[in-house]
Amino acid sequence: MSDVETIKECRSYLYKVVSKFFAHATVIWAEQINTKPKAPYVTIKVMSSSQQFFPARQTAEGSQREIVLHVEINLYTQGRRVSGSGQSANYENTSIEDMHDFTNYLESEYTLDDLVAHNVTFIPTTQPKDRSYIENSTQFRYRSMIEADVTFVENNSGAYLVMNMPQETNASGGGTKETHETPLEYIESEEIKEDFTNGRISEE
């Protein structure tokens, strides 16, 4: 297993963690498609990111710093059938308890070991919240939500610290061949020592 080192890799790993638990639901990125899947389904949204203003550690290729993705996860579910069948079936809202099961999964030893193996932390910052609403004035759309912080260490390389971009130009037009390929050049400091024999400072 390799460490997560970029936002792209973190998003991919985050998707895998959520999908592994909600294996029998559709998991999508929020605002990815216009047509709503059939419940149950889960949406993931990266609301913002935060990072250290100064690198945590300088490396031979560039720098490392901690990145936090602030994410929102929404669960849409049909709920649990309590009576009737077909069009006349009645369901109860299970969105809170189902999302609670997911947070328990995040705290399990197995999941924590996998997170550590990828050098990632996944910490809910809110309790599951009920966001259910009436749809089409006839039925409830059961929904719950949590927010979480997903943290990893980003490795930046190159003179412009963007050699880790998958392509030299990103999806929004940022980056050039120069920024993507120019390596970091170090000017090695000269080792200075004092020559006690002649009382002068010499350079090596």
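## Close-ups of a predicted model

**View 1. S95 reaches across to R143.** The side chain of S95 gets to the backbone oxygen of R143 at a distance of 3.5 Å. This is a predicted model, so keep in mind that every value here is computed from its atoms. S95 sits in helix α2, which covers residues 95–106. Buried or exposed, then, for S95? It counts as buried, because its relative accessibility is 0%, and the cut-off for buried is under 20%.

View 2. Which residues touch S95 once its neighbours within four places in sequence are set aside? The list runs L75, T77, D130, S132, Y142, R143 and S144. R143, then, is on that contact list and also supplies the backbone oxygen that the S95 side chain reaches.

**View 3. E31 and K45 in a salt bridge.** Here E31 pairs with K45, and their closest N and O atoms are 3.0 Å apart. What does the pair tie together? E31 belongs to the loop between β1 (26–29) and β2 (41–51), while K45 is in strand β2, so the bridge links parts 14 residues apart in sequence. E31 counts as exposed, because its relative accessibility is 67%. K45 has a relative accessible area of 31%, so it is classed as partly exposed.

**View 4. E154 and R65 in a salt bridge.** In this one E154 partners R65, with 3.6 Å between the closest N and O atoms. E154 comes from strand β10 (residues 139–157) and R65 from strand β4 (residues 62–77), so the pair ties together parts that are 89 residues apart in sequence. Why do both partners get the buried label? E154 has a relative accessible area of 13% and R65 has a relative accessibility of 18%, and buried means under 20%.

**View 5. Zooming out for context.** How many salt bridges does a search of the whole structure find? It turns up two, namely E31 with K45 and E154 with R65. The protein has four helices and twelve strands. Of its 204 residues, 32% are buried, and S95 is one of the buried ones. Among contacts with a separation of 6 or more, 57% are between residues 24 or more positions apart.

How values were computed: Residues numbered from 1 in each chain as written. Predicted model: local features only at pLDDT ≥ 70, side-chain atom pairs only at ≥ 80, totals over all residues. Heavy atoms only, no water. Helix = DSSP H or I, 4+ residues; strand = E, 2+ residues; numbered from the N terminus. Buried < 20%, exposed > 50% of the residue type's maximum accessible area, 1.4 Å probe, protein only. Polar contact = N/O pair within 3.5 Å; in protein donor to acceptor, adjacent residues only side chain to side chain. Contact = heavy atoms within 4.5 Å. Salt bridge = Lys/Arg side-chain N within 4 Å of Asp/Glu carboxyl O.
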